[in-house]
Every structure is written in C-alpha cells, then in structure tokens.
Amino acid sequence: DEMYIDYIALDSAYRGQGVGTLLLTYGEDIARETKGIIRYTLSVIHENVRARQLYEKLGFQVYETKSSWLVELFTGVRTSHKLEKLL
C-alpha cells in the first residue's frame, strides 16, 4: 500500500529549476496509477531544510522523527524525518 522514494538527489546546477518537483510529481503519478498504493513516502535528514520545504510544499507531512546517536556514529546524521502523502 506504499510507494517509497529511497533516494532522490539533484546536481546543485539543477536545483531551484523545478526538476525536483517534476521528479516527485512523476513518482506520485505512478503511485496514483498503481492499484493498491495509498501512501507516497520518503525520508529526509533534519539538516536538509531546502528539501523538507519542497516536500511539504508538495503536500508531504512528517509522520515520524527519529534521532539516534548510533546512526550518527556511522553516518554523521543524527535526526531524520519520515514524510508521507496520502493519495
């Protein structure tokens, strides 16, 4: 019942040009066309404010926030958010 975006990244030269919006909208279109998908989800690190703002602008909402010193030890990232958009 879920379509999860595992990784999405843009070269800095393409940021702010609507490419991220197009990619996420395309994914949402696929999710809506796929029978049984009711949630479109992704994760983002807390420090990536620009991405979080884009996701929220597109209708995603935070449904879980995790903070882990162990994850930070291995990745350098302590806090992350899971976001969803109900379809």
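1. **What you are looking at.** This is a predicted model, in which local features need pLDDT of at least 70, side-chain atom pairs count only at pLDDT 80 or more, and totals for chains, interfaces and linings use all residues. Residues are numbered from 1 along each chain as its sequence is written, and side-chain values use heavy atoms, with hydrogens and water left out.

2. **The overall layout.** The protein has 3 helices and 4 strands; these are DSSP runs numbered from the N terminus, with helices (H or I) of at least four residues and strands (E) of at least two. Starting at the N terminus, the order of elements is β-α-β-α-β-α-β. Along the principal axes, the C-alpha atoms fill a box of roughly 40 × 35 × 20 Å. Of the 87 residues, 26% are buried. Here buried means under 20% relative accessible area, exposed over 50%, and partly exposed in between, using a 1.4 Å probe and protein chains only.

3. How many aromatic pairs does a search of the whole structure find? There are 2, where a pair means rings of Phe, Tyr and Trp (its six-membered ring) with centres within 6.5 Å; planes under 30 degrees apart count as stacked, over 60 as edge-to-face and the rest as tilted. Tyrosine 40 and phenylalanine 60 make a tilted pair, 5.2 Å centre to centre with 45 degrees between the planes. Tyrosine 40 belongs to strand E2 (residues 39-45) and phenylalanine 60 to the loop between helix H2 (49-57) and strand E3 (61-67), so this pair ties together parts that are 20 residues apart in sequence. Tyrosine 55 and phenylalanine 60 form an edge-to-face pair, at 6.1 Å centre to centre and 65 degrees between the planes. Tyrosine 40 and phenylalanine 60 are buried, and tyrosine 55 is buried too. Together, Tyr40, Tyr55 and Phe60 form one aromatic cluster.

4. Is arginine 39 buried or exposed? Arginine 39 is buried, because its relative accessible area is 18%. Its charged end sits over the ring of tyrosine 63, 5.2 Å from the ring centre; that description requires NZ of Lys or CZ of Arg within 6 Å of the ring centre and within 35 degrees of the ring normal. The side chains of arginine 39 and glutamate 84 are joined by a polar contact of 2.7 Å. A polar contact is a pair of N or O atoms within 3.5 Å; within protein, one must be able to donate a hydrogen and the other to accept it, and residues adjacent in sequence count only if both atoms are side-chain atoms. Glutamate 84 lies in strand E4 (residues 79-86) and is buried, with a relative accessible area of 19%.

5. **Salt bridges.** Side chains of opposite charge can pair when their charged atoms come close. A search of the whole structure finds 7 salt bridges, each being a side-chain nitrogen of Lys or Arg within 4 Å of a carboxyl oxygen of Asp or Glu. One of them joins glutamate 2 to arginine 39, with the closest N and O atoms 3.6 Å apart. That pair links distant parts of the chain, as glutamate 2 is in strand E1 (residues 2-5) and arginine 39 in strand E2, 37 residues apart. Glutamate 2 is partly exposed, at 34% relative accessible area.

6. In the salt bridge between glutamate 28 and lysine 85, the closest N and O atoms are 2.8 Å apart. Glutamate 28 is in helix H1 (residues 19-33) and lysine 85 in strand E4, so the pair ties together parts that are 57 residues apart in sequence. Both glutamate 28 and lysine 85 are buried. Glutamate 64 forms a salt bridge with lysine 66, where the closest N and O atoms are 3.7 Å apart. Glutamate 64 is partly exposed at 27%, and lysine 66 is partly exposed at 44%. Through shared partners, salt bridges join Glu2, Arg39 and Glu84 into one network.

7. Which residues make the nonpolar surface patch of about 530 Å²? They are Trp69, Leu70, Leu73 and Phe74. Patches are made of residues with over 30% relative accessible area and no salt bridge, where like charges are joined within 9 Å and nonpolar side chains (Val, Leu, Ile, Met, Phe, Trp, Tyr) within 5 Å. Accessible areas come from the Shrake-Rupley method with a 1.4 Å probe, and for residues, only the protein chains shown count as cover. Tryptophan 69 is in helix H3 (residues 69-75) and counts as exposed, at 58% relative accessibility.
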